[in-house]
Structure formats: C-alpha cells, structure tokens
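Dear colleague,

Please find the structure below for your review. My notes on its salt bridges follow.

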Amino acid sequence: MRFLRVAAGAAGGLLLMAQVVPAQAHGGSPYRWELTPTGTTAQFRGLAAVSKDIAWVAGTEGTVLRTVDGGRRWQNVSPKGAEKLQFRDVEAYDARSAVALTIGPGADSRIYRTTDGGNTWTETFRNTDPNAFYDCFAFSTSKHGNASKHGLALSDPVDGKFRIAASTDGGKSWKVQPNDGMPAALPGEFAFAASGTCLVAGAGRTAWFATGGGDRPRVFRTVDGGRHWKVSDSPMASGEAAGIFSLAFRNSLFGVAVGGDFLKPNEAVKAASVTYDGGRTWKLVPADKAPKGYRSGAHFVPGSPGVVVAVGPSGSDVSFDGGRSWKQFYDGSFDSVECAGHGAQAGCWASGAKGAVGRLVR
C-alpha cells in the first residue's frame, strides 16, 4: 500500500548496552512490555522473532538491527547501499540467517538475504515492473513448526490481480508466479504494508493474505504454495485507509484478523474478526469486545493456545479466548508484533516508531 510511508532517522554502528525499561501494564493483565532501547529513531514495521533472546527489526532509511541477548544490545546490521530504501518486513531462521523486504514502486521493492548475522547481504530480488509494489512476505513452516524454504511475497494488484513472487530455496531466488490462479482484485483493493503480516504462511503450502481499500476487505488463501487462490469476504471495515492489516493463525483452521482505519487510530472501526474454518468464513468481534482502536499487528503467544496479542499506535491488547474478546494492557505505540520459539525459549516482541522495541513479559 503506497501511502503508508514514514520518514525516520537511521541507526549506526554497534549499539552499546541499553537499559531495559519495564512498561506499565493496565487493566490487571498478566502481560506487559519490557522496552529495549535501540539507540535509533527509525520506524520498525519489519520484525522477526526467533526466541526470547533473538530478534531482528527492519525499518526506515535502510535500517536493520539484530539482538541475540534479549534486547540488551542491538547491533546495526543494515545492508550497505540500502540507506534510501524502506524495509517493511524481515523473516529470520535464527541468529545468522534472515531475509528482508523493502517496499516501493518498481525497483524500490527488493529482497535481501544474509547467512552471517547481517555482516553481508545479497540482493536476491529486485522488482522490474513499475506497476508492482510489494507489501509483505512470509515463509511457511514445516510439520515441526520450523521455518521452511518455501516463501511468498505479495504485491498490490498489477493488471487487475494481486501478484505473487515465490521462493523454494529459502530466499536465495524468487520467481513471479502466473496470475491465472489469482481471483480478480476489487476496484481500489490493495494490501497494507504496515507490519509485515498482510501475508502469513502456515504449514506446508498453506498461506493467506488480507486486503482493504475496496468496498469490503477480503482474505485470500492458498493450499498449493501460491499457485491458486480462493477468496472470502470479511465483515470488517474497509475504505481508503481501512481494512484488514494483519492476520494470525494458530493452525490451519483457527485464525484472527485485526485492522480498522489507520486514519482513526483511537477508534475501533470493525477492528477484529475470527475464523474457525481456515479463512473461508469470518465472524466479526462485537465493538464492545474488540480492541479499542486501529490495530496493525497480531500474533498468537506460544504455549498458550488461546492467547493472542495485538498492537497499534494507540495501544496493545490481549485476548485469552482466541480473539473473541480483547482487553487493552498497554497504551503506548507499536506497529508490529511477532512470537516464536518453544518452551523456555519462546518469546514475543513488538516494534514501532522512534526505534521502539519491546519484549513481552509476565
């Protein structure tokens, strides 16, 4: 989505140890954000959680940071030559391997890959179509829950259909897919480059992406790695700046969608819905149980099957019943949230404007 651009300063050098700051929780929630200062003013809409200790963030002015110690230190691992680009998504396999996406029309949409902790990056994709604009990407998971080598990247419609680029080698190479298996886009329909979660991938070849901008938001789903898609209408709000901004799935059937109108960040404009059949149908969360404002990111908390966290510029919410009802626990601003890891190594992270990064604690 083209108008979600934000300017901010860049990071530089190896950042020194930062003081971790607890953020006050509200409403009696057991969860709170532990802020981990990054020493930069970049806006981080790209976020990859690996564990409670390892995370990557990517944002404005070509900035990419990495921590391997729970946020006490953040290392600037920004790709050289990308200073004028805006990263909006990053996916990481571990502390050393990550793939990052920049957004923009034409050649501004690029994908970079590192296997040495960000010391060096290789550009593996550069969009050559001036009408394409890539918003987000994702890699599917294996049956054991680990990231696989199958990735999909989503562009806004070109010639009336959303465009997909696919990778089968962990992001080393990408190929734009034929569009004969993609349903036609609605007039004005697009995806939101807000948190790197407009497209999410499940196990095997399953993936979903969400839209807005048209007369209704929709959710597209594939079970064959992006070659063919089916689409369902959503009861959530849509409009010039409204729609579904983020999807999160616990498994192949159980998922949540959050969004609203980003021009009305303090209003819950049909801001959440849930699905129990893999995205074929969606049920709107009533206004009195929905997040109290626009939300741009959501993710399930590992080890807690019904717990979901959502974030946005006006606060963070938690649901303990799989997204059917929400309660705000933090009134600060974040754009993205992601959880990963297993057992004692599981962790959730959030990122946003002015270099903000937080780790979820309870």
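Lys52 is partly exposed, its relative accessible area being 27%; here buried means under 20% relative accessible area, exposed over 50%, and partly exposed in between (1.4 Å probe, protein chains only). Its salt-bridge partner is Asp53, with the closest N and O atoms 3.2 Å apart. Asp53 is likewise partly exposed, at 22%.

This is a predicted model, in which local features need pLDDT of at least 70, side-chain atom pairs count only at pLDDT 80 or more, and totals for chains, interfaces and linings use all residues. Residues are numbered from 1 along each chain as its sequence is written, and side-chain values use heavy atoms, with hydrogens and water left out.

The structure holds 11 salt bridges, each defined as a side-chain nitrogen of Lys or Arg within 4 Å of a carboxyl oxygen of Asp or Glu.

One of them joins Asp180 to Arg227, with 2.9 Å between the closest N and O atoms. Asp180 lies in the loop between strand 14 (175-176) and strand 15 (199-201), and Arg227 in the loop between strand 17 (218-222) and strand 18 (230-233), so the pair ties together parts that are 47 residues apart in sequence. Strands are DSSP runs (E, at least two residues), numbered from the N terminus. Asp180 is exposed at 52% relative accessibility, whereas Arg227 is partly exposed at 25%.

Asp317 and Arg295 form another salt bridge, their closest N and O atoms being 2.4 Å apart. Both residues are buried.

Finally, a network of salt bridges links Asp215, Arg216 and Asp233.

With kind regards

Note on methods:
Helix = DSSP H or I, 4+ residues; strand = E, 2+ residues; numbered from the N terminus.
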